[in-house]
Structures are given as C-alpha cells and as structure tokens.
Amino acid sequence: MTDLLANLGLGFSVALSLQNLGLCFLGCLVGTLIGVLPGVGPIATIAMLLPITFGLDPVGALIMLAGIYYGAQYGGSTTAILVNIPGEATSVVTTLDGHQMARQGRAGIALGIAAMGSFFAGTVATLLIAALGAPLTGLAMVFGPAEYFALMVMGLVFAVVLARGSVLKAVAMILVGVLLASVGTDLETGQERMTFGLSFLSDGVDFSVLAMGLFGVAEILRNLDQTETRDVVRQQIGRLLPSRADLKQAAPSVLRGTAIGSILGILPGNGAVLGPFASYAIEKRIARDPSRFGRGAIEGVAGPESANNAGSQTSFIPLLTLGIPPNAVMALMVGAMTIHGIIPGPGVMTKNPNLFWGMIASMWIGNLMLLIINLPLVGLWVRLLKVPYRLMFPAILMFCSIGIYSINSLPTDVMLIAFFGLLGYGLIKLGFEPAPMLLGFVLGRLMEEYLRRSLTLSRGDPMVFFERPVTAVLLVISVVMLVAALTPALRKSRDEVFTEA
Amino acid sequence: MTLPTPARRSLLLGLAAATLAASLPASAQAPYPIRPITLVVPFAAGGSTDVVGRLVAQKMSDVLGQQVVVENVVGAGGNVGAARVAKAEPDGYSILMGTVATHALNPLMLKRKPYDPVTDFAPISLLAVIPNVLVVNPKLPANSVKELIALLKASPEKYNYASSGLGTPLHLSGELFKSMAGVSMQHIPYRGSGPALNDVVAGQVPIQFDNLPSASEFIKAGSLRGLAVTTKERAPSFPDIPTVAEAGLPGYETYTWNALFAPPRTPRPIIDALNAAAIKALADPTVIERMKAFSATVVSSTPEQLADHVKAEIVKWTPVVKEAGVQIE
C-alpha cells in the first residue's frame with residue numbers, strides 16, 4: 001500500500017509538471033475533436049502527429065498520444081449519439097439508445113451521462129491499473145486461443161439480444177456480418193476468399209468502411225426520404241445535463257459497465273470490443289421493462305459508455321506490463337515508444353518507472369480534463385443538431401470520405417462506403433437492423449481466427465474446447481443462454497425481451 | 001552476405017561523399033528537393049519497418065532541407081505500398097521503404113505479381129539490417145539449438161512454432177530451419193508479432209521466430225529463452241546468444257533488411273542526392289544509437305550495391321519458398 005502511494009506520488013509528480021499537463025490537455029483536446037469528426041480515427045491522427053513528438057521527452061510524448069487515444073474514444077460517442085455514426089466497434093451500441101435520446105430532445109442528457117459515466121469508469125480503471133496492473137497480467141496468460149474463441153461465441157449470443165425487431169432477422173444479420181468478415185486473404189493459407197479477383201478486397205473490408213456506410217450514409221439516405229421535420233429537436237433542446245432522477249437511474253448501470261469493461265479490457269486478444277455490448281445485453285436483460293431499450297433508455301447509454309472507457313484504459317495493462325499491444329492503436333504506441341528509445345516489454349515498469357507511473361497518473365488527469373472540456377461543450381454539440389440538413393448532410397459525407405481515405409489512402413474505400421450506404425438503406429427499409437451485422441463482422445473475424453488456431457494446435461481435436469475449464473464455462477454459459485432463448489416455455493417472455501414492435 | 005562490413009562502410013561513406021560532391025553541379029541546375037518528399041512505408045505505423053523509416057525520415061529532412069513525410073500505405077503484405085511507388089512519377093518526391101518482404105519474398109510467393117522487384121524500382125541505399133531470433137518458452141526442455149533439434153526429432157509433428165504471419169520473413173526463417181535441420185513442426189501464423197509473443201510467453205505455442213527488436217525485452221526479462229540469432233554474426237545487443245550457424249546449422253542465415261527505393265527511371269542526380277542524404281542520416285549518432293537500442297544495425301550502400309543485394313536475396317530465397325510451398329494469390 002505504501003508502495004502504491006509512493007508510486008502514485010512519483011506518477012503525479014511527473015504528470016503534474018507544467019509541460020506534461022499542457023501535453024495531456026492538448027492530447028485530450030485533439031482526441032476529442034478527431035473523435036467527433038466521423039471517420040478520422042485515432043490511428044491516422046497518432047501516425048500523423050508522431051513526428052511532432054520527436055522533439056519532446058518520451059514521457060511527455062506518450063502522455064499526449066495516450067490523451068489522443070482516450071479523447072477519441074470520448075469524442076466518438078458524441079458522434080454516435082448526435083448523428084448515429086459509430087466511429088469504432090466500441091461505440092456501435094451507443095447509437096442504439098443514445099441516438100434515440102437525441103431524437104427525443106434529450107441529446108444533452110445522453111452526452112452528459114456518457115461523459116460522467118466515462119469519468120467514473122476512467123477513475124476506477126486508473127486505480128485498478130495502479131494497484132493490480134502487474135498481477136492482472138496473469139489473467140492475460142490464462143487466455144489462449146480456445147478461451148478467446150469461447151469468449152467470442154458468448155459475444156455472438158449477446159449480439160442477438162441487441163436486436164430490436166425479430167430475432168430471426170437479427171440472427172440473419174449476424175450471419176451476414178460473419179460472412180463479410182471472411183472476405184479477404186486467408187490468414188493460414190494465403191487463399192483469397194470472396195474477393196471476386198478484386199485486389200482492393202484482398203485485405204478484407206475495413207470496419208470503419210462498413211460502419212460508416214451502414215450507419216452514416218444509410219442514415220442520411222433515410223432522412224432524405226422525408227421532408228425536414230425535426231420539430232422535437234428544434235423546439236426543445238431541453239435540459240443540457242442529467243437530472244438527479246436520471247443520475248439515480250443510470251448509476252447502477254455505470255457501476256456494472258465499469259466492472260465488465262475493466263475485466264474485458266485486460267485481455268490482450270482484443271477482449272475490449274466485447275465490453276460495451278456485454279454491458280448493453282446485461283442492462284437489457286435485468287431491466288424491469290426491457291422494451292424501453294432501443295427507444296432511448298438512459299441505462300443503454302450509461303452502461304456501455306462506462307464499459308467502453310474502462311476497457312480503453314485497462315487495455316493499457318497488457319501494453320505497459322507485457323509490452324503486448326491488444327489493438328492497432330496500442331501497436332502504434334509501441335512504435336512511438338520505440339522511436340523514443342524505450343523498447344516496450346515486461347521491463348518497462350522497473351526500468352522506466354517515471355514513464356510507467358507518469359502515464360498512469362496522466363490517465364486520471366486526462367479523464368478529468370475530458371470532463372472539463374466536454375461538459376461545457378454539450379450545449380454546443382446539441383446546437384449542432386439544429387444545423388439544417390442541407391448543410392449538415394454534405395458536411396458529414398465530406399468528413400466521412402476524408403476520414404476513410406486517411407485510414408488506408410485507398411480511393412476504393414471511399415467507393416465502398418457508398419456501396420454499404422445503399423445496402424444499409426435497403427436493410428433499414430426491409431426492417432433489418434445494422435447493429436447485429438456490425439457485431440457479427442467484428443466478432444466473426446476474431447472468432448474464426450481463434451477457432452482455427454485452437455484446432456491447429458490440437459491437431460483437429462475438438463475436445464480442446466471442453467478440457468480447459470475457462471473455455472468450458474464460457475461455452476456452457478453461451479449454450480444456456482441460447483437454450484433459454486429457444487425453449488418454447490420461455491418463448492413468450494423471450495419475445496417480450498427481444499421484440500420491440 | 002553481400003553487406004558491407006563496418007570497415008568497408010566507412011570507405012563507402014567517403015565514396016558517397018565524393019558522389020555527392022560530383023552531383024552538386026547537377027543539383028545546382030535543377031534544385032531538388034523543392035517540396036516535401038513522401039516516404040511510403042508499406043506496413044502499419046508502429047512496426048519495425050515504420051520505426052526505421054521514421055528515424056531515417058526525420059534525419060533526412062534535416063539534411064535535405066525539406067520534410068520527408070512518412071505515409072503508411074498498408075495492404076497485401078506490403079505490396080500495395082510498393083506497387084504505388086513503382087508506378088509513381090519518377091521525380092524523387094515519392095520513395096519507398098522496401099524490405100526483404102517487398103523485394104524478395106512476396107514476388108516469389110505471389111501468383112499475381114503486381115511489380116518486378118528488380119526492373120520496377122531504382123535502388124537508393126540500404127538502411128538497416130535487423131536480426132531475427134529463435135526463441136522458446138522457458139519451460140521447453142531445450143537450452144540450445146542442438147537440444148531443440150533433438151527434441152523435435154524425438155517427437156515429430158508434436159511441436160508448433162509461431163510467426164507473425166504466412167509468408168513473412170519470420171515464417172520462412174522457420175521453414176528454412178526445418179529443412180536444414182531435417183525436423184518437422186507445425187507453423188501457427190498470427191496477425192503480427194505481438195499476439196504471437198503473447199501465446200509463446202504464455203506457453204500456448206512453445207517456439208517462435210521473431211524480429212530481435214520485438215522479442216528483446218522478453219529475452220532480457222527471462223520470459224522467453226533466446227536460443228540463437230539468425231544472422232551470420234552475433235547481435236551486438238545480445239553477445240551471449242549464439243548464431244544458428246554456430247549452434248548447429250552451418251550456413252543458416254536470415255535477416256530482415258530495409259532499404260530505400262525510387263520509381264524506375266528516376267534521374268541519377270536525384271538518386272544521388274537521396275543516397276547522400278540517407279548516408280548522412282545514417283551517420284547521425286542519435287540514429288545509430290536508437291537503432292542499436294532497437295537491435296537494428298545501420299548499413300548504408302551505393303545504389304548499385306543495393307541492386308546487387310536485391311538480386312542476391314531473390315536467388316537465396318527462391319529454393320526456400322519453393323520447398324515451403326507457400327503460394328499467395
């Protein structure tokens with residue numbers, strides 16, 4: 001305990017220097033801005049800003065880059081709530097209830113609860129990293145390919161719960177998502193699958209391309225169906241910040257979301273993507289009136305947003321303690337550390353305590369700054385909703401196109417968002433939800449990879465999924481959930497849980 | 001190995017300075033560069049090629065007086081970025097960070113060849129050589145390459161080895177090891193070194209071929225056992241780890257190299273200016289020190305030496321790729 005306090009003291013003495021405070025603020029601000037712009041993600045931004053950090057000392061540079069990362073997570077939920085475009089996999093579920101709240105004139109409250117939930121989750125996650133960072137890495141070591149496969153299966157079962165309409169349609173969408181995920185060059189054999197000989201498909205479909213097309217472009221097309229009537233949003237911006245009753249309703253969700261997000265974030269095999277919708281699924285399951293979900297339930301924003309932020313913080317654990325990057329942004333952080341002469345690995349904590357504890361302290365400071373930056377901005381963001389469609393839509397399309405181009409510098413990606421936009425529009429018209437498809441897409445790719453790796457390791461013996469305790473438990477939970485959903489006796493109540501209309 | 005030794009390298013530096021002096025009148029006629037130069041790195045930001053590229057680009061900017069901007073053009077194992085530079089204007093404003101993958105391995109494995117590594121590029125200079133390393137989980141009962149070979153021979157098909165992906169230099173290092181040692185083990189491809197390291201440290205997969213830079217801290221911390229480096233000589237950062245050749249497989253040698261290439265038909269004065277800038281950047285003490293900390297060795301060359309190097313690498317890898325039977329569409 002005294003060690004912890006001494007370490008945190010060291011961390012804060014590093015993070016509170018004038019220069020590092022400034023860099024932290026700058027990182028958070030830039031991160032929020034690029035997070036709000038649809039399509040411009042943290043990877044492109046950090047890669048572009050890397051050269052600017054060459055002149056800084058490594059601690060300051062990494063504090064700024066980390067600020068961009070969690071600032072972008074934060075800003076991404078703003079776009080998800082206001083214009084229904086998820087910037088990355090983790091904000092898909094925020095669109096479900098967050099955007100509905102915005103349509104009901106409660107955008108300010110949705111943004112406010114997202115900010116507060118995220119701050120709380122960030123605080124808890126920072127403490128968790130500081131106190132248990134090193135022992136928690138043991139958890140990462142328990143998870144092999146078979147365990148990750150089971151985790152992803154459980155995730156897909158959760159995905160069914162996300163559906164607002166018919167369960168059959170949701171399952172169909174999940175499967176289409178899984179199919180789309182298998183487009184591209186096969187990891188193990190080098191064969192191209194479903195590319196139709198088109199070379200731009202050989203690396204598969206990018207998540208951002210799919211998300212921006214299915215949500216962003218499709219949403220714009222759908223809105224163009226009707227003449228502009230947004231009276232609700234127009235007339236009453238309503239309260240800007242959550243009331244006491246809202247907070248009371250959201251608090252338990254924030255707590256649960258924080259716990260789920262923190263645990264999943266520690267897994268280096270990209271477990272953090274599951275956080276937000278595991279949280280959403282649980283909130284919907286235990287809610288007294290599940291039919292409110294998808295219609296602007298505040299718990300549906302508070303829980304997933306907390307899980308998202310907790311996960312994005314705890315995903316620093318595998319990076320800082322093991323040197324293993326759990327996702328593309330963290331891989332970029334590894335590069336940034338290397339360029340600054342620090343080789344990430346298990347030795348960083350002992351060899352560069354300044355860097356390790358300084359970054360941890362700066363994460364909490366960064367979360368506080370995000371709250372300070374974002375709460376006053378809520379009013380401004382909400383006012384953005386009053387911008388007429390004829391100005392807003394071209395602007396969104398332009399930012400989407402620029403953003404998508406900045407990721408891979410491929411013109412074909414821009415054309416693909418148009419394609420997926422039309423597909424998304426068709427799906428909305430036919431009553432299919434795009435969210436389960438996106439989750440099927442994200443999980444499908446991981447699931448296939450882990451499944452085949454486990455089977456190669458076991459030389460094709462499927463018993464590998466039942467012999468290992470963690471795998472077996474996760475798979476049993478998934479089966480129980482599926483059976484519960486399919487048993488005729490429970491059919492009636494299941495319909496109440498899953499169906500909205 | 002066609003690479004210059006340190007002694008020859010200093011001679012080369014002198015030669016390069018002479019070339020620079022000779023090219024000065026030409027660059028006085030048509031000033032180059034007058035705008036920022038794009039350095040296409042065909043791999044993701046943060047990886048070892050990107051790190052070398054950015055370190056060199058930063059110093060080259062100082063030397064040339066114009067920004068050398070790194071652009072990551074990712075896809076198809078490096079081919080998308082390489083093909084882009086092969087087809088770019090030969091004006092010296094787009095250059096490529098080529099590697100053993102883009103200029104030797106990929107062209108050998110691909111059924112559809114997007115470019116020719118020899119005729120579609122104008123070589124500028126070698127930049128760095130990065131050793132690969134054979135690491136095992138510390139629980140594996142093998143303390144040396146000889147013991148590992150004995151273990152693999154005692155139970156064929158039992159063991160697996162991890163690499164950063166199908167057809168990568170690390171995968172082929174493993175295949176070369178298998179064929180030279182006459183052993184069998186199952187290849188497990190990952191999406192990059194990070195996830196592979198995680199499973200090897202955790203013991204899911206016992207053996208891995210990795211870049212020395214990404215495995216170095218794990219070896220130092222004792223969470224991986226470094227059995228041998230794959231270069232001809234021991235790595236300066238790990239003098240205690242033997243080479244594969246001296247530990248039991250004489251003649252075994254693989255390494256990852258990085259080099260600068262321009263589009264074909266780029267005018268000679270521009271190539272010379274870039275070559276001189278690269279050599280100057282590589283002579284910078286901070287670059288040398290950062291590269292050394294990263295277990296990479298700075299190696300410069302003339303354009304002609306790089307051209308010969310590419311041809312030699314293609315000759316060397318052709319039988320390995322054939323034997324491994326790796327074909328990518």
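1. How far does helix α2 of chain A reach from its first C-alpha to its last? In this predicted model, the helix covers residues 18-36 of chain A and spans 27 Å. That is close to the 27 Å expected for its 19 residues at 1.5 Å a residue.

2. The buried residues of α2(A) come next. They are Asn20(A), Leu23(A), Cys24(A), Gly27(A), Cys28(A), Val30(A), Gly31(A), Thr32(A), Ile34(A), Gly35(A) and Val36(A). An α-helix has 3.6 residues a turn, so residues three or four places apart point the same way. The packing partners of the buried α2(A) residues are α1 (2-15), α3 (42-49), α4 (58-83) and α17 (353-384) of chain A.

3. Confidence in chain A needs a remark. The mean pLDDT of chain A is 84, and 92% of its residues reach 70 or more. Residues 231-235 of chain A stay under 50, and the model gives them 8 contacts beyond four places in sequence. Residues 497-501 of chain A are also below 50 in pLDDT, with 11 contacts in the model beyond near neighbours in sequence. Where pLDDT is low, the predicted coordinates should not be read in detail.

4. Chain B is divided into two parts: domain 1 (6-129 + 256-324) and domain 2 (131-229). The C-alpha centres of domain 1 and domain 2 of chain B are 29 Å apart. Across the boundary, 15 residues of domain 1 of chain B contact 14 residues of domain 2 of chain B. On the domain 1 side, the elements giving two or more residues are α4 and α11 (303-324) of chain B. α11(B) gives the most, with 5 residues. By class, this side of domain 1 of chain B has 10 nonpolar, 4 polar and 1 charged residues.

5. Helix α3 (residues 79-86) of chain B is mostly covered, with 8 of its 8 residues buried.

6. Is Val136(B) buried or exposed? Val136(B) is buried, because 23 other C-beta atoms lie within 10 Å, and the cut-off for burial is 20 or more. Val136(B) lies in strand β4 (residues 122-136) of chain B. Beyond four places in sequence, Val136(B) touches Ala142(B), Leu148(B), Pro206(B), Ile207(B), Arg225(B) and Leu227(B). Ser48(B) is 88 residues from Val136(B) in sequence and 21 Å away in space, C-alpha to C-alpha.

How values were computed. Residues numbered from 1 in each chain as written. Chains lettered and ligands numbered in written order. Predicted model: local features only at pLDDT ≥ 70, side-chain atom pairs only at ≥ 80, totals over all residues. Buried ≥ 20, exposed ≤ 12 C-beta atoms within 10 Å, placed from the backbone. Helix = DSSP H or I, 4+ residues; strand = E, 2+ residues; numbered from the N terminus. pLDDT = per-residue confidence, 0-100. Contact = placed C-beta atoms within 7 Å. Expected span 1.5 Å × (residues − 1). Domains from an automatic or database assignment. Nonpolar A, V, L, I, M, F, W, Y, C, P; charged D, E, K, R; others polar.
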